[in-house]
Amino acid sequence: MPEHLRAAIAADWEPAPAMPHPARPDGAPYAARRRAALSAQLPGQLIVVPAGGLKTRANDTEYAFRAASSFTWLTGETVADAVLVLSPTATGHDATLYVREFAQPGEVAYFTSRMHGAVWVGNVPSVEQTATVLALTTRPLAALADDLARYRDDEAAVLTGFDAGVDALLPRGSGTRLGQVLDELRLVKDEWELDRLRYACDVTARGFADVVRELPTVLGRRDLRGERWLEGTFWRRARLEGNDVGYGSIVGAGAHGTTLHWWRNHGAIEPGQLLLADMGVETDELYTADVTRTMPVSGEWTADQRRVYSAVLEAQDAGIAEVKAGADFLAAHRAAMWVLADHLHSWGILPVSAEVSCAEDSERPGAGLHRRYTLHGVSHMLGIDVHDCAAARHETYRDGTYAPGMVLTVEPGLYFQPDDLTVPEELRGIGVRIEDDLLVTRDGNRNLSDQLPRAAGDVEAWVRSLS
Ligand SMILES: [Mn+2]
C-alpha cells in the first residue's frame, strides 16, 4: 500500500466500538474451582491450555472457530488464539489468560487485517473487560512468548496439538497426562454445567418440535431434499437460542435411518416412512445435547414399525433403569442389549438365544451375533463434547462406575439394513434409535430430555398435533 494511502487510512478514527464480552458472569466462580482442581492434580508444574486458532477451509477462508473444549471448561472463554497459563507457585498455581488484542484505530491493520481488524470482523472484547467478566488475570497475547521463555527447558503440561505457536514455545511440553487429567476431571459436572446441559436439552426439544412442524412442507415431495430442509430447520433453532449444533445432524428417512451416521441428509421424505433424527443444540457456552427420536412421518406406525420401535423403547427403559450411582458404566448397555437380543431371537432373526448372544465370553460360538443389528454401544458421556471425556482412562470411564453429576446418553437402536438377507423382508429398511440424556443422581437418574415423547402412542400424537 503506498505511503499516502496508509497515512490517509490510518487517520481520523474514533476508538473502535466496544464489544461486550459474551460470557455469563455467573460462570466465573465455577471455572475458578475447575482450575483449582486441575492445579491440585499437577503441583509444581507449568500448565498451558490454548484455545487454538482458526483453521483454513480454502485459500483465505476459514472454518467457523470453536475453542478447545478443555480450554473453555477452564476459563469460560470461547475466543480464538487465547491461551490459559497456570504458573506454579509455592501453594498452587497463578492463572493468567492471554488474549489477542485487535489492531487499534490509528494502526493500518485496523483497516487491513482480514482476520484481526475490527473493520473486517468486528471488534473483540478488551483485555480489561475479559478480566472483569471471567474474573481472571488477563494479559495481551503479544506478551506470551516472553512470559513463557523462562520455562523453555521445563517439562511442562501443555495441551498440545491445538496451537502450533504454543507448542513451539515449550518444546519439552507434553499433553498426554494433562489430556487424561482434564477429561477425568470433566466426568462429573458441576451445577452450572448441569444448568447449561438442561438448557441445551430444552432448546433441542424446541428444535425437534420445529422439525415435526415442517413435515407437511416436505412430505411426499420427491423433488425436494426433505432431510436437508429439516436439518436446516433444526439448525435455525440452534443458531437462534444457542451457538450451533453440537455435531452434524443425522436426519434419515426410511432406509437412511439404518445408516448409523447418515450425515448426507439428501433424501426425500415419503408418506408412511420412519424419520430418524439425531440432533443436539450446543449452547453459547459450548455444552451440547444429544437426542434421537424416531417417528412415523404420517403420524401412525405400521404394525412392523411399531413392533421394532416398542422393542427399542423397552431396551432403552431397561438401560435407563440401570443408571444409578455406583453401578457399572456398562450396566445400561448390557441391560439394553439383552432386551434387543431377546426380541431378535423371538422374531426368528437371531439364530441363538439372548443368553448365548450376550455371553460375556466373546469367544464362545454365537456370542455377539445380535451386534449385526444393534451396531453400537448405548452410552457415552456428554458435556462440552458430544462424546465427552474420551481421553479418560478405561478404569475411570468405560470400566468405571456411575457417579452423581455424570451426564450420559442411553441410546439403543435396531438397524435392519435394506440388503440384509437375514432379516424378514417386511422389516428390511427399518431403522430405530431412541436417545436421551441422563443425569446420574444419588438415588437414580433424571432424564434431561424428557420434554420429548418416547412412548409409541405419545410419538404418534406428537407428530399429529404438530404437523
Ligand atoms: Mn449419542
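Me: How many disulfides does a search of the whole structure find?

Reply: The search finds 0 disulfides. A quick word on the ground rules: this is a predicted model, where local features need pLDDT of at least 70 and side-chain atom pairs count only at pLDDT 80 or more, while totals for chains, interfaces and linings use all residues. Residues are numbered from 1 along each chain as its sequence is written, and side-chain values use heavy atoms, with hydrogens and water left out.

Me: What makes cysteine 201 count as buried or exposed?

Reply: Buried means under 20% relative accessible area, exposed means over 50%, and partly exposed is in between (1.4 Å probe, protein chains only). Cysteine 201 has 2% relative accessibility, so it counts as buried. Cysteine 389, at 1%, counts as buried too.

Me: Why is the contact between aspartate 190 and arginine 34 called a salt bridge?

Reply: The term needs a side-chain nitrogen of Lys or Arg within 4 Å of a carboxyl oxygen of Asp or Glu. As for the general idea, side chains of opposite charge can pair when their charged atoms come close.

Me: Where do aspartate 190 and arginine 34 sit in the chain?

Reply: Aspartate 190 is in the loop between α9 (176-185) and α10 (191-218), and arginine 34 is in helix α2 (residues 28-41), 156 residues apart. Helices here are DSSP runs (H or I, at least four residues), strands are E runs of at least two, and both are numbered from the N terminus. Both aspartate 190 and arginine 34 are buried.

Me: What about arginine 186 and aspartate 385, and how far apart in sequence are the parts they tie together?

Reply: Their side chains meet in a salt bridge too, at 3.0 Å, N to O. Arginine 186 lies in the loop between α9 and α10, and aspartate 385 in the loop between α15 (371-374) and β13 (407-410), so the pair ties together parts that are 199 residues apart in sequence. Arginine 186 is buried, at 3% relative accessible area, whereas aspartate 385, at 24%, counts as partly exposed. Both belong to a salt-bridge network that also includes Arg66 and Asp183. The structure holds 31 salt bridges.

Me: How do you know that arginine 393 and glutamate 395 form a salt bridge?

Reply: Their N to O distance is 3.8 Å, so it passes the cut-off. Glutamate 395 has 53% relative accessibility, so it counts as exposed. Arginine 393, at 35%, is partly exposed.

Me: Which strands form the open sheet, and in what order?

Reply: The order is β9-β10-β12, with antiparallel pairing. β9 and β12 (291-296) stand at the edges with a single partner strand each, so one side of each has no neighbour in the sheet.

Me: What makes β9 and β10 a pair?

Reply: Two strands pair if DSSP finds at least two bridges between them. β9 and β10 are joined by 4 bridges, so they pair. Alanine 253 stands opposite leucine 275 in β10.

Technical notes. Disulfide = S-S within 2.5 Å.
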